[in-house]
2 protein chains.
Amino acid sequence: MELLKERIRRDGIVRGNDVLKVDSFLNHQMDVKLFEEIGKEFARRFDGCGVNKILTIEASGIGIACVVAQSFGCPVVFAKKSKTKNIAGEVYTTRVVSFTHGNVSEVIVSKDFLGPEDRVLLIDDFLANGAALEGLIDIVHQAGATLVGAGIVVEKAFQPGGDRIRAKGVRVESLARVASMSEEDGVVFCD
Amino acid sequence: MELLKERIRRDGIVRGNDVLKVDSFLNHQMDVKLFEEIGKEFARRFDGCGVNKILTIEASGIGIACVVAQSFGCPVVFAKKSKTKNIAGEVYTTRVVSFTHGNVSEVIVSKDFLGPEDRVLLIDDFLANGAALEGLIDIVHQAGATLVGAGIVVEKAFQPGGDRIRAKGVRVESLARVASMSEEDGVVFCD
């Protein structure tokens with residue numbers, strides 16, 4: 001998606017060889033007009049797939065998922081990282097290792113909101129090691145739902161998550177695939 | 001907002017006298033079409049106020065804030081509950097006591113994304129004890145930004161947050177104000 005790559009080239013900040021800060025438009029400050037274009041692009045790529053639910057994980061995926069869901073005309077469910085007393089009843093549970101935060105979270109989704117009737121598109125802002133996405137895939141399987149695929153905004157293609165998840169037969173559509181990056185040369189995209 | 005009150009009457013679940021579960025459409029599964037109507041209503045109420053930034057707090061406020069921001073044509077910034085290694089540089093910091101989670105969080109906003117030029121609308125799903133909203137107000141003041149007001153989806157008017165914050169001169173617009181609730185009688189709204 002050229003508009004997104006241009007934005008990353010212009011406003012993304014590289015730290016070292018593996019940190020790409022896009023917090024001016026993607027995951028701290030959020031440019032909802034860009035999110036609308038992202039939503040249209042995912043709707044084009046997953047056209048005819050019968051998506052009736054979008055699943056994401058807190059926190060930074062939620063905003064993108066909600067705007068993307070407008071293009072699909074379906075609700076969003078987000079996996080919660082901690083159990084609050086407002087979630088009663090039965091939940092799907094999985095464990096996610098966060099490389100960014102350096103910890104392990106238990107994430108949960110209420111069984112009320114995901115089941116065998118659902119055709120699920122996973123949405124997240126980043127795909128790097130793939131831990132968050134694999135957690136969401138596990139929840140879709142527990143629910144007996146159909147996994148249509150995953151829509152990712154930025155994939156760090158030099159990290160192993162994308163390849164490993166595609167090797168399992170999951171369709172992963174990433175709008176910007178980063179081949180490599182450095183503070184000197186900036187971001188190099190795969191195509 | 002009648003559409004919202006009807007939805008709460010139909011799909012909200014009361015537990016005891018103080019827990020209102022709206023997780024089927026507001027803060028776990030999210031009905032983005034309802035969010036669009038919420039956005040239009042806030043845009044009507046804050047018309048002419050020159051809002052150029054929406055500030056919310058992770059996690060459940062983010063989705064609502066992003067869809068509401070489309071009606072204002074402005075970006076969203078969300079306060080983050082933990083420091084990740086992807087936020088470098090200077091941040092505004094405040095402490096928020098969560099009654100739902102029973103803990104104290106430090107929340108941060110990068111100084112890059114909020115400053116004296118901003119006219120800020122705060123958005124959140126719930127207002128009860130007011131701790132989250134007061135944290136956001138503190139951040140707006142630290143930034144030297146102008147606080148236009150707060151747009152709240154559901155206010156528990158029988159809890160003290162709304163009155164206390166209005167008494168400070170902050171304009172708080174709540175789309176559904178709950179006067180009382182019980183498992184027997186359901187939700188009673190203020191008007």
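This is a predicted model: local features need pLDDT of at least 70, side-chain atom pairs count only at pLDDT 80 or more; totals for chains, interfaces and linings use all residues.
From E5(B) the pairing carries on into chain B, where strand E4 (residues 53-57) joins E5(B) in the parallel sense over 4 bridges. Here Ile54(B) sits opposite Val76(B). Put together, this gives an open sheet of 7 strands with mixed pairing, in the order E3(A)-E5(B)-E4(B)-E8(B)-E9(B)-E10(B)-E11(B). Its edges are E3 of chain A and strand E11 (186-189) of chain B, each of which pairs on one side only.

There is also a sheet to describe from the side of chain A. It is again open and mixed, with 7 strands in the order E11(A)-E10(A)-E9(A)-E8(A)-E4(A)-E5(A)-E3(B). Strand E11 (186-189) of chain A and strand E3 (29-30) of chain B take the edge positions with a single partner strand each, so one side of each has no neighbour in the sheet. Further in, strand E9 (residues 146-156) and strand E10 (residues 172-182) of chain A run parallel and are linked by 6 bridges. Within this pair, Ala150(A) stands opposite Val172(A) in E10(A). Helix H2 of chain A packs on the sheet and touches E9 and E10 of chain A, with its direction at about 120° to that of E10(A).

How are the two chains related? Chain A superposes on chain B by a rotation of 180° with 0.0 Å of shift along the axis, at an RMSD of 0.0 Å. That is what a two-fold axis does. Gly63(A) has the C-alpha nearest the axis in chain A, 2.3 Å from it. The interface fits this picture: 100% of the interface residues of chain A are also interface residues in chain B, so the copies meet through the same surface.

As for the contacts themselves, 33 residues of chain A meet 33 residues of chain B. On the chain A side, at least two residues each come from strand E2 (19-21), strand E3 (29-30), helix H2 (32-45), helix H3 (61-72) and strand E5 (76-79). H3(A) gives the most, with 6 residues. By residue type, the side of chain A that touches chain B splits into 15 nonpolar, 11 polar and 7 charged.

Taken as a whole, chain A has 5 helices and 11 strands. Its radius of gyration is 16 Å, close to the 16 Å given by the globule rule for 191 residues, so chain A is as compact as a globular protein of that length. Along the principal axes, its C-alpha atoms fill a box of roughly 50 × 35 × 30 Å. Of the 191 residues, 48% count as buried. Among contacts in chain A between residues at least 6 apart in sequence, 61% join residues at least 24 apart.

Leu136(A) gives a view of the chain interior at the level of one residue. This leucine lies in helix H4 (residues 131-143) of chain A. Is Leu136(A) buried or exposed? Leu136(A) has 26 other C-beta atoms within 10 Å, and is buried because 20 or more is the cut-off. Leaving aside residues up to four places away in sequence, Leu136(A) touches Leu55(A), Ile57(A), Ala79(A) and Leu122(A). Ala150(A), which stands opposite Val172(A) in the sheet, is 14 residues from Leu136(A) in sequence and 9.8 Å away in space, C-alpha to C-alpha.

Strand E6 (residues 91-98) and strand E7 (residues 103-110) of chain A run antiparallel and are joined by 8 bridges, with Arg95(A) opposite Glu106(A). The two strands form a hairpin with 4 residues between them, and Gly102(A) in the turn has a positive phi of about 70°. Elsewhere, the peptide bond from Glu58(A) to Ala59(A) is cis, with omega near 0°. Ala59(A) belongs to the loop between strand E4 (53-57) and H3 of chain A. In chain B, a cis peptide bond joins Glu58(B) and Ala59(B), with omega about 5°, and Ala59(B) lies in the loop between E4 and helix H3 (61-72) of that chain.

Note on methods. Residues are numbered from 1 along each chain as its sequence is written. Chains are lettered from A and ligands numbered from 1 in the order in which they are written. Two residues are in contact if their C-beta atoms, placed from the backbone, lie within 7 Å. Ala, Val, Leu, Ile, Met, Phe, Trp, Tyr, Cys and Pro count as nonpolar, Asp, Glu, Lys and Arg as charged, and the others, Gly among them, as polar. Two strands pair if DSSP finds at least two bridges between them. The radius of gyration is taken over C-alpha atoms; the globule rule is 2.2 Å times the number of residues to the power 0.38. A residue is buried if 20 or more other C-beta atoms lie within 10 Å of its own, exposed if 12 or fewer, and partly exposed in between; C-beta atoms are placed from the backbone. Axes are lines fitted to C-alpha atoms, for helices over the stretch in contact, and angles run from 0 to 180 degrees between N-to-C directions. Copies are superposed by least squares on the C-alpha atoms of residues with pLDDT of at least 70 in both.
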